[in-house]
Amino acid sequence: MRILVISDIHANLDALEACLEAAPPFDQVFNLGDIVGYGANPNEVVERSRALGHVFVRGNHDKACSGLTNLAGFNPIAGLAARWTQQMLTPENQDFLRALPRGPVWAMENVNCVHGSADDEDEYVLLSQDALPLLQRSTRQITFFGHSHIQCSFFIERLSRFQGAVPAYPDRTGEQQFEFRLKPDARYLINPGSIGQPRDGDPRAAFLLYDADESLITFYRVPYDIAAAQKKILAGGLPPRLAERLAEGR
Ligand code: ZN
């Protein structure tokens, strides 16, 4: 079983299409939420995500853009984008977003999917001190998470040896992959990174492939037409900062 793990697409159709083109063959898709918000193609990205299937968890932007929560916790730019997205989404796509399940979702025997963390769907897991208690309490070998827009992994062996890691790419050009094999006696928190708005300084779209039979994780970074995505953001009347940051990967 080969699983495509995607997260934080944020209505960026250009990035999503580039990732799907670069992805190797897969059997299932785990989508960790924030399908919409920030980008200019919310309906197209919802429809593409629905067609891909299979396992979904909702993100904070999915909730806000479908009217499930108010915009109180959002910064002004994110709030403007959420309001814009609400107006653009078809009623059917709003219904789909509203019905997305809250994480954690038990996706397969040894795997949970969450947006933020298993404790709190809106929690940011950024540092070792965020990850360690979650790993100590986890009952699954793998928890796939999103929300931070940073491609990374944390793991713990026999409840003691703890490590965090970001993939080591030689540079930030072209399409690159970074793979590692899972140890059977360790527990992992793994973030595929963001497809539509990376924030780790690498503007390339990010996702991962989990080969369950081989216990192999492969991180991917894929260049896409950033200028095209930026143009649509500006033409649609979204805040210009949302276009700028795509090129910065911040
Ligand atoms: Zn997000």
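**Exercises: a buried serine, a zinc site and a sheet**

At 4% relative accessibility, Ser-117 counts as buried, where buried means under 20% relative accessible area, exposed over 50% and partly exposed in between (1.4 Å probe, protein chains only). This is a predicted model, in which local features need pLDDT of at least 70 and side-chain atom pairs count only at pLDDT 80 or more, while totals for chains, interfaces and linings use all residues. Residues are numbered from 1 along each chain as its sequence is written, and side-chain values use heavy atoms, with hydrogens and water left out.

**Exercise 1.** Find where Ser-117 lies and what Ser-117 is in contact with.

*Solution.* 
- Start with the loop: Ser-117 lies between strand E5 (111-113) and helix H6 (128-137). Helices (H or I, at least four residues) and strands (E, at least two) are DSSP runs, numbered from the N terminus.
- Next, skip the neighbours within four places in sequence; Ser-117 is then in contact (heavy atoms within 4.5 Å) with Glu-123, Val-125 and Leu-134.
- Finally, check the side chain: a polar atom of Ser-117 lies 3.1 Å from the backbone nitrogen of Asp-119.

**Exercise 2.** Work out which residues coordinate the zinc ion, and classify the arrangement.

*Solution.* 
- Collect the donors (N, O and S atoms within 2.8 Å of the metal, or 3.2 Å for Na, K and Ca; water is not among the atoms, so sites may look incomplete). They are Asp-8 (OD), His-10 (NE2), Asp-34 (OD) and His-149 (NE2), at 2.1 to 2.2 Å.
- Read off the spacing in sequence: D-x1-H-x23-D-x114-H.
- Look at burial: Asp-8 is buried at 0%, and Asp-34 is buried at 1%.
- Now the angles: the 4 donor atoms subtend 86 to 176°, so the arrangement is irregular.

**Exercise 3.** Trace the open sheet of 6 strands.

*Solution.* 
- The order is E4-E5-E6-E10-E7-E8, with mixed pairing; two strands pair if DSSP finds at least two bridges between them.
- At the edges sit strand E4 (105-108) and strand E8 (161-165), each pairing on one side only.
- E5 and strand E6 (142-144) run parallel over 3 bridges, and Asn-112 stands opposite Thr-143 in E6.

Methods:
Polar contact = N/O pair within 3.5 Å; in protein donor to acceptor, adjacent residues only side chain to side chain. Tetrahedral: all angles 85-135°; square planar, octahedral: opposite > 155°, others 65-115°.
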